[in-house]
Amino acid sequence: MNETTGMDSSDEIDILMEESPLDVGDAIQEDNNSSLHSMDNEEREKRYKNLLKLLQNSNKLSNAFDTKLKNCKLQIIKKELEKSNKVDENVPIKVEVDPNTVSNNQPIENEEYEECYLKLFKQPILFNGTLKNYQKEGLLWIRTLFENGLNGILADDMGLGKTIQAIAFLCFLSEMGISGPLLVIAPLSTIPNWLSEFSKFAPQLKTLLYHGKDTQRSDIRSQFNTNYKVGNLNCTCIVITTYEILRSDIQFLKKYHWKYITIDEGHKLKNSLTLTNKCLREFDCANKLILTGTPIQNNMNELWTLLNVLMPQLFNDVKDFSSWFVIDDFYGTNDRIINIATKDEILDIIVKILKPFILRRQKTETDLNLPPKKEIVIYAPITELQHKLYKATLSKEMNTLLNKELETQSELEVLPKRKCVQSIERYTETRAIRKTEPIQKVEPKDMAVSLVFLNPFIQLKKISNHPYLVHMPLIPGEKKILVDENIVNASGKFLILDAMLSKLKLLGHKVLLFSTMTQLLDLIEEFLIFRSYQYTRLDGTMDIADRVVAITTFTNDPDCFLMLISTRAGGLGLNLTAADTVIIFDSDWNPQCDLQAQDRCHRIGQVKPVAVYRLCTKSTVDEKILAHAAAKRKLEKIVIGNGTFNRSTKINLSNIKELMSLLESSDYDQQIQSNGFILSDEELDSLLDRSDMVNSKPKANRTQSAKHFEVLT
Ligand SMILES: Nc1ncnc2c1ncn2[C@@H]1O[C@H](COP(=O)(O)OP(=O)(O)OP(=O)(O)O)[C@@H](O)[C@H]1O
């Protein structure tokens, strides 16, 4: 029996399952055996039919769930309205719906009920804040799934407050007297955020951080079931842990009967074969809620994984499924759209199946009124040294090129991590003047050479970013990097960065600088120290305490100008609205990682327009990475980016025109190409100008006529 609505939902769901007998086993088994591409046509046809059969049957089941969920939602709303006792006076309810008489096919007009609900909505007493309207709707949706014993995915755009909605729901559970234990699983990088959001929005709830050494964790485990009183309410501890601890302690954790598990940044589950997924399947848990701003990042495989997490009994294996959909289909040319169209049938059904269980709202659909954001790609020049090394790598002549230096060559040392820098004395128009004496210019006699020919691609990527990553000058006899003006002059991106930073600092902006390579972050750190910029750093090697220090220093210290962040470690769940500028030094293969990065500062709490600068070295692998990322973005746009999972939007994937326009759309507001000259003040002003964003939305493909830049259209 349901604890809040009094409905017995499990029986109904069992009946629904029986009504849709699925030949699941056969379909999946047969679908697993061998690679799709090595099959003859007859075999392909057979497997395709099996897959369709499985999906169509599941679709029926999902439709039944959908109707059931809508009815349940209505019941909850009615109950809440009755409780508020204001229905007759204040709310013009015209529609009378008896959930018992609604047939499976009949759409329920419940907008008016929802409107009333939003008007009279009382948020959980333990929640210390004001939920926005779309968050109230989100809470209602999470609650409806819970009442029906179903798992769901809250896939709101990044920064819309998924954490807040999850916390509000945990407050609701506590108020309902649901006994725990309750678990939140999140990546290490978002744990500080969870802790601070709990203390801000649910200060009366007790959280228990399950982390630390073996012995500490065993002590913490004894407190999992601790109950405590808040007024009359009997509350239970909320255990917070990381994916890593989940994997290492699964033997202990699976002994508990978890009442509710919230899984943050759930796209980490995207591969159903991972250990984390396996662990989660082993858990004894009533319900799960997955939070992710980016449910589909790479391929259809991930859609299947979502099905697996939501309905593991039906979708229990993923092998070969992805071969129906390959990322190549989404590369460029229009005739590929035909391929996509032929696969619509499968895609369409999957999206329909997922629909009741996924809630996704985009920033543009909400009343958030965030300040505008624009994204500009800056094509950096390639320096002579970069060109020489790049060409040598391509023609596999690197050894010959560097042969003469091999006698003096040292092993490349990992650069020391710096925690802070000396404060700067003053800034001129173009430079920060350091308090300390500049390093004496020394002729570089020694070189550290890092040549990993096993992966020439990485080599090329390093050279495109900074040639020192493969060919670093050292202070003679010291095995330490020699830092002088050459650290800037050797790399096209550093030339651009140097010019931009001095101006950004002067204009009072704060910057988040993302890179996918920690070695590159080390080098940028050397440069920041050389220029005496104050900065903090966040990367995957840091523990929770150090991360908290880095974030608070950046947020609260007005002199701390820049935060260096490794894209993969720091892109998730952080709130860094003190910054209004993002520099993506090198793009990630996965565009969602870069979007996550931008969203650290373009979110609730941001009051200034945000500019995102993406650096790309012209005619190098950098351009390939950008193109690949753009192809992945197209997939995401087609499947989830068009409001498909907003439950009020109708699905329409078969509109070729719509697909074409999505495929042809650009992710960037502006693309700028440097011709290799040092930037003049005038050009910099033009590049960093945000006046177009002050009173209006960012303009697409703005033209720009500075002397040394050219707009690519
Ligand atoms: N109702 C609210 N009132 C006040 N602040 C809010 C509210 N909702 C969200 N915020 C703030 O907005 C910011 C973004 O929220 P949150 O981190 O929960 O977003 P998210 O969707 O989980 O983002 P991400 O996907 O990046 O993790 C946070 O600083 C949060 O405190």
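A residue counts as buried when its relative accessible area is under 20%, as exposed when over 50%, and as partly exposed in between (1.4 Å probe, protein chains only). The model is predicted, so local features need pLDDT of at least 70 and side-chain atom pairs count only at pLDDT 80 or more, while totals for chains, interfaces and linings use all residues. Residues are numbered from 1 along each chain as its sequence is written, and side-chain values use heavy atoms, with hydrogens and water left out.

An oxygen atom of the ligand is 2.7 Å from an N or O atom in the side chain of Glu 197. For Thr 163, the corresponding distance from a ligand oxygen to a side-chain N or O atom is 2.8 Å. Taken alone, the ligand exposes 640 Å² (Shrake-Rupley method, 1.4 Å probe), and the protein buries 90% of that.

Next come the salt bridges. Side chains of opposite charge can pair when their charged atoms come close. A salt bridge here is a side-chain nitrogen of Lys or Arg within 4 Å of a carboxyl oxygen of Asp or Glu, and the count comes to 14. One of them joins Asp 522 to Arg 537, with the closest N and O atoms 2.7 Å apart. Asp 522 lies in helix H20 and Arg 537 in strand E18, so this pair ties together parts that are 15 residues apart in sequence. Helices (H or I, at least four residues) and strands (E, at least two) are DSSP runs, numbered from the N terminus. Asp 522 is buried, at 6% relative accessibility, and Arg 537 is buried at 7%.

Notes
Polar contact = N/O pair within 3.5 Å; in protein donor to acceptor, adjacent residues only side chain to side chain.
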